[in-house]
Amino acid sequence: MTQVLANYEEQLANAKMPAGKKKVLTTALKLFANNGFHATTTAKIAKQAGVSEGTIYKYFSSKDDLLAKLLQPILIEIKNNFFSNLDDQADLPTLVKFVVTDRINFIEANFDFIRLIFQEVLTGQLTKKSYQDFFANNVEILAKFNTYPEINPKLTPPQIARIFIGPILVYVLQNKLLGLPVNDDDLDIIQKQILANLTLKY
C-alpha cells in the first residue's frame, strides 16, 4: 500500500495533468488540512497556488468537487488495500509487525490527507457510506485473521479492525499532530498490545 500511494505530491508531480490543476490540488490539500475545509476559500487557494480563481473553476465545478477529487485516490486506497498483503506473512507476530510498520509509514507519508479525512468525518462531509464501504471491502480479508489459532474466535471483523487501527492512529496523531516524543520501543509496544488484544480470551 505504501508503495502504491506513498506520497500524494509525488504522485501528482508524475501525473499527466495541466500544471495549474496540479498546483490547485496540492495547495488545496495543505490549506484544507491546516485550516479546515470551511475556513478555506477558493480565493485563498488561488492566491497561494499562484493561479486565478477562474482556473480552479475550469477544472472543478465547486469547492466540494475539489475536495471530492482530492480525497478520491486515498479513500479508494484505504477502502481497498488497508489490510492487503496479509497472505505473505508466515505467522501472527510477523503479520502484526507488518501491518503496524506498513500502515504507520503510509499514514505518516500521507498525514495531510489523514488529517483532512478526520476533519471531514467530524463535520459530516464524509457519510456513513464511506465507513460502510471500508468494512465491506475489508471484511473478507479481516476474516482471514481467524485462520490463526491464537486469535480469539469471538472477535468480529470490525472488532479486529478497531484493535489494529486504534493504537496505530493514536501513535501517529500523538507524534504528527501533538508533537509528543517518539520512543524507540513504541512500535514494539504497539505490536504487543495488538497481539494481546487479538488473543485475549473472555
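The secondary structure of the protein comprises 10 helices and 0 strands. The model is a predicted one. Read from the N terminus, the order of elements is α-α-α-α-α-α-α-α-α-α.

Of the 202 residues in the protein, 42% are buried. Among pairs at least 6 apart in sequence, 72% of the contacts link residues at least 24 apart.

Helix H6 spans residues 92-109, and helix H10 spans residues 186-199. Their axes come within 10 Å of each other. The crossing angle is roughly 130 degrees. H6 is therefore oblique to H10, since angles over 145 degrees would count as roughly antiparallel and those from 65 to 115 as roughly perpendicular. The crossing of H6 past H10 is right-handed.

Residues from both helices build this contact. H6 contributes Leu-92, Pro-93, Val-96, Lys-97, Val-100, Thr-101 and Ile-104. From H10 come Leu-187, Ile-190, Gln-191, Ile-194, Leu-195, Leu-198 and Thr-199. By residue class, the contact of H6 with H10 holds 10 nonpolar, 3 polar and 1 charged.

Definitions and conventions:
Residues are numbered from 1 along each chain as its sequence is written. This is a predicted model: local features need pLDDT of at least 70, side-chain atom pairs count only at pLDDT 80 or more; totals for chains, interfaces and linings use all residues. Side-chain values use heavy atoms; hydrogens and water are left out. Axes are lines fitted to C-alpha atoms, for helices over the stretch in contact, and angles run from 0 to 180 degrees between N-to-C directions. Helices (H or I, at least four residues) and strands (E, at least two) are DSSP runs, numbered from the N terminus. Angles under 35 degrees count as roughly parallel, over 145 as roughly antiparallel, 65 to 115 as roughly perpendicular and the rest as oblique. A crossing is left-handed if the near helix is turned anticlockwise from the far one by less than a right angle, and right-handed if clockwise. Contact means heavy atoms within 4.5 Å. Ala, Val, Leu, Ile, Met, Phe, Trp, Tyr, Cys and Pro count as nonpolar, Asp, Glu, Lys and Arg as charged, and the others, Gly among them, as polar. Buried means under 20% relative accessible area, exposed over 50%, partly exposed in between (1.4 Å probe, protein chains only).
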